[in-house]
Amino acid sequence: MQQLINSLTDGFLLGFVYGLAAMGLSLIWGVMSVINLAHGPVITVGMLTTYLLFVHLGLNPYLGMVVVAGVGLALGLLIYAIAVHRVISAPHLSSLLATFAVNMIMLGVFNAVFGGDQNNINYSLGSLSIGFLNLTYSRLLAALGAMLFTAFLYLFLFFTRTGKAIRAVANNREAAELMGIPSYRMLALSFGLGSLLAAVAGSLISTIFPFTIFSGGPYELKSFVICVLGGLGNPLGALIGGLALGLMEGVIPIWMPTSWVPVVEFGLFVFVLVVKPSGLLGAK
Amino acid sequence: MRALKQPGLWLYVGGLLFWGLVILFLQDPTLRETSFTLLMYVGLASSLNILLGYTGYVSFGHIVFFGLGGYVGFYLLSHLGWSLYPAALFGGIFCSVLASLLGLAVLRLRGAYFALATIGVNEAARAFVSNFSPFGGATGMSLDYSGYSLYGGSMKALWLAFILVWLIAIAVVIMSYLVKQSRFGLGLMAIREDEDAAMVMGVKAPQAKTWAYALSAFFPGLIGTIYFFKNGNVEPGDAFRLHLSIEMLVMIMLGGQGTVLGPILGSLGYERLRGYLLVSPLFKNLHLAISGVALLLIILFVPAGAVGWLRRRFPRLRGVLE
Amino acid sequence: MILEVRDVTKRFGGLQALSDVTFDLGAGEILGLIGPNGAGKTTLFNVINGVFRPEKGQVIFRDEDVTGLPAYEVARRGLARAYQVVRPLNDLTVRENVMVGACYGREQYSLAKAARVADDVLAQVGLADKAGLLAGSLNVAQKKRLELARALGSQPYLLLLDEVLAGLNPSEIALMMETIRRIRDSGITILMIEHVMQAMMNISDRILVLDYGELIAQGPPQEVVNNPQVIEAYLGDPKLTQRLLGE
């Protein structure tokens with residue numbers, strides 16, 4: 001029982017970070033109907049940036065997240081400009097393949113520059129004990145960081161002018177243009193934001209687990225699962241989906257070997273896609 | 001039959017036949033191995049083209065049939081002592097049946113949702129097989145050398161595998177051609193262009209899509225069994241590589257989707273590029289990046305692929321560039 | 001009766017799109033369907049050819065109840081449709097477009113026979129010289145003809161035409177009207193939605209008027225046009241209309 005609660009809490013905390021990553025994907029999908037297959041490598045960028053700043057500049061990983069956010073935003077704008085802009089109105093396959101091409105390019109560059117070794121950020125902060133609950137500070141801070149960025153996203157989208165413009169473009173691009181909103185700039189910014197969230201999520205993950213340049217992939221897949229569960233284009237759904245996934249990952253190993261977790265995740269993924277593609281919470 | 005009058009068919013089949021005969025004549029193992037890989041991709045890409053290029057359904061996880069068919073066939077070979085031919089055939093049929101059943105659920109999805117679902121199916125299959133002990137779980141299964149004695153020893157087995165894949169590639173190309181020139185193919189292409197309009201015109205879209213899916217799954221199942229037979233072992237990481245699945249897609253896009261020649265050219269071109277990059281010391285580490293750049297350029301600037309571009313540029317060659 | 005529509009009712013959430021629509025269509029008739037925008041005309045078409053299933057009511061085509069059958073089943077029974085917003089199969093040739101109709105329509109032709117039928121039909125609508133071009137390369141008027149040709153290719157008993165005249169200039173309209181007359185003379189019954197009133201008056205045997213999902217009038221053109229309810233709903237201010245009609 002104690003083990004179950006510990007497992008659940010661990011999973012729940014991690015779920016916030018999953019949710020953050022998924023929100024990045026969900027935002028891009030919601031605003032421009034593009035499924036960003038470069039999501040994984042962007043997460044990896046977050047991991048790598050934090051690692052490099054920590055190892056080479058001794059920068060506290062949590063402070064480094066501000067840099068990571070900037071890098072993520074810049075990277076997103078770049079990817080949009082190079083790969084996505086031209087195919088934004090083309091059939092979905094084109095943007096899928098374009099972002100996948102970016103995925104390949106980024107992985108290729110990582111492979112050439114960093115190699116496939118494991119990297120670890122040794123910034124352990126110890127753990128906190130509440131009764132029988134044993135929580136590592138890294139997970140707590142990661143969850144906190146995720147919550148912070150989620151709040152930031154919400155405030156931005158609903159309380160700033162630019163944020164509202166983005167929501168307008170997501171709702172109806174033509175109408176937004178007719179009202180004077182520079183839609184392409186908003187699209188680029190949205191892509192940048194989505195990448196920002198992904199990169200920060202990666203950064204948070206790197207404080208908990210060691211990683212390789214290929215680590216982004218599984219988290220990308222998890223993001224898909226979460227987005228489908230919570231509804232593609234629905235950031236709140238992404239957060240809830242993330243928590244749900246985290247909890248699931250905490251619970252399942254109690255009853256079956258951990259290796260079955262992906263089977264359940266992907267089985268659920270396909271099931272929800274087929275039965276209710278707009279997600280358990282509905283889209284947008 | 002109308003198809004037999006098309007010069008393109010004879011050209012491609014003739015080319016493939018000639019190639020295989022040359023390899024057989026030269027008896028060079030290195031050439032054989034390279035050709036095996038190339039022909040395998042021709043077969044895989046052309047199969048996927050039935051679903052992607054003709055019907056317009058983008059499957060990102062098509063490799064699942066290669067993996068599952070390979071696993072099933074390999075199991076029959078190694079654990080039940082079946083001969084290669086029925087094992088491979090069973091692997092193929094298993095995949096077709098699976099595709100039909102799977103299709104009932106996933107073919108109701110459109111566009112990107114379908115693509116995502118196929119990724120999910122592939123990942124679920126991989127995770128499942130990793131846990132499935134009759135299939136060896138995470139370590140997979142292997143064939144010990146005595147298994148090859150049925151075929152005259154491991155040397156002969158390698159040649160046999162090559163011949164089979166060669167013949168299968170030719171069969172897939174012929175099948176692609178026949179489908180494209182058939183009433184069935186016309187219906188598929190109508191679905192690709194506008195599924196709702198096609199249904200209003202009388203095309204039974206659900207059934208047609210299922211047939212296309214089943215057909216596109218058959219050959220990868222066959223090929224998978226032969227590939228893992230040749231390899232001597234099979235494991236989940238090898239069998240369900242998502243990247244390979246997407247590379248199949250790239251090959252079709254590069255060559256030109258919806259044509260018969262497209263997947264052939266695309267797979268040959270892509271594999272050669274990859275092979276060259278892997279060997280060159282300068283580009284070895286960047287091969288994935290360069291492939292990505294190539295794909296991006298194609299998507300952005302020449303979405304119809306090489307064959308599509310050629311057909312537009314030289315309309316008179318349309319009869320040959322099918 | 002080639003088509004009997006009985007009490008057809010269709011709802012979309014809170015919106016009542018069609019209410020108890022009932023009418024008959026005799027073989028060889030040209031029946032015009034008019035009404036203000038949003039009256040439910042296209043929805044009615046969608047119910048008749050199987051795209052929507054009505055909440056209530058029946059569609060009986062050639063003595064067979066086809067209510068709720070999928071669109072491809074209805075098409076096979078000889079009911080074809082040309083869309084208002086044209087939907088050509090862009091990457092196929094004009095001929096291939098029509099062949100799809102021929103292969104999958106009433107007669108289920110083989111490819112070879114379908115090609116011949118397609119060429120015949122294209123000649124009928126005046127697109128014979130464009131047969132080998134890609135459908136996506138045609139202009140709007142030609143695409144409308146293609147839409148019509150595709151529907152004809154399936155050798156239908158009944159043809160549903162949804163605003164085939166929209167966007168055409170007067171001479172194109174006259175040509176299209178001629179084509180429609182010829183189609184009817186060849187034995188095909190026609191049900192058409194149109195806004196071009198003069199054309200409708202000239203060509204229709206009877207007219208149905210739909211308003212807010214209800215059938216408010218049916219009968220010969222002259223009768224319907226003078227119906228005060230119709231005038232108010234569709235043509236606008238009754239007094240003004242009387243004055244204009246008087247001129």
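Trainee: How many residues does the contact take from chain B and from chain A?
Mentor: This is a predicted model. Two residues are in contact here if their C-beta atoms lie within 7 Å. By that test, the contact takes 34 residues from chain A and, from chain B, 37 residues.

Trainee: Turn to chain C. Which helix supplies the largest share of the side of chain B that touches chain C?
Mentor: Here 18 residues of chain B are in contact with 24 residues of chain C. Helix H7 (183–193) and helix H8 (195–200) of chain B each supply at least two residues of the chain B side. The largest share is six residues, and it comes from H7(B).

Trainee: How many charged residues are on the side of chain B that touches chain C?
Mentor: That side has 10 nonpolar residues. It also has three polar ones. The charged residues on the side of chain B that touches chain C number five.

Trainee: Why is chain A described as being as compact as a globular protein of that length?
Mentor: Chain A has 11 helices and two strands. The globule rule gives 19 Å for 284 residues. Chain A is close to that, so it is as compact as a globular protein of that length, with a radius of gyration of 18 Å.

Trainee: What radius of gyration does chain B have?
Mentor: Chain B holds 14 helices and two strands. Of its 322 residues, 58% count as buried. A compact globule with 322 residues would have a radius of gyration near 20 Å. Chain B agrees with that, at 19 Å.

Trainee: At what angle do helix H9 and helix H10 of chain A pack?
Mentor: H9(A) spans residues 216–230 and H10(A) spans residues 235–255. H9(A) passes H10(A) in a right-handed crossing. Their axes are 8 Å apart. The packing angle is about 115°.

Trainee: Which charged residue takes part in the contact of H9(A) with H10(A)?
Mentor: The residues of this contact divide into eight nonpolar, four polar and one charged. H10(A) contributes A:Gly237, A:Ala238, A:Ile240, A:Gly241, A:Gly242, A:Ala244 and A:Leu245. From H9(A) come A:Val225, A:Ile226, A:Cys227, A:Leu229, A:Gly230 and a lysine.

Trainee: Are the faces of strand S3 of chain C covered or open?
Mentor: In S3(C), residues 30–34, five of five residues are buried. C:Ile30, C:Gly32 and C:Ile34 are on one side. C:Leu31 and C:Leu33 are on the other. Both faces are covered.

Trainee: Which residue in S9(C) stands opposite C:Leu33?
Mentor: S3(C) is joined to strand S8 (residues 189–193) of chain C by four bridges, running parallel. There C:Ile30 stands opposite C:Ile190. S3(C) also pairs with strand S9 (residues 206–211) of chain C in the parallel sense, over four bridges. Opposite C:Leu33 stands C:Leu208.

Methods:
Residues numbered from 1 in each chain as written. Chains lettered and ligands numbered in written order. Predicted model: local features only at pLDDT ≥ 70, side-chain atom pairs only at ≥ 80, totals over all residues. Nonpolar A, V, L, I, M, F, W, Y, C, P; charged D, E, K, R; others polar. Axes fitted to C-alpha atoms, helices over the stretch in contact; angles between N-to-C directions. Left-handed = near helix turned anticlockwise from the far one by under 90°. Rg over C-alpha atoms; globule rule 2.2 N^0.38 Å. Buried ≥ 20, exposed ≤ 12 C-beta atoms within 10 Å, placed from the backbone. Pairing = 2+ DSSP bridges.
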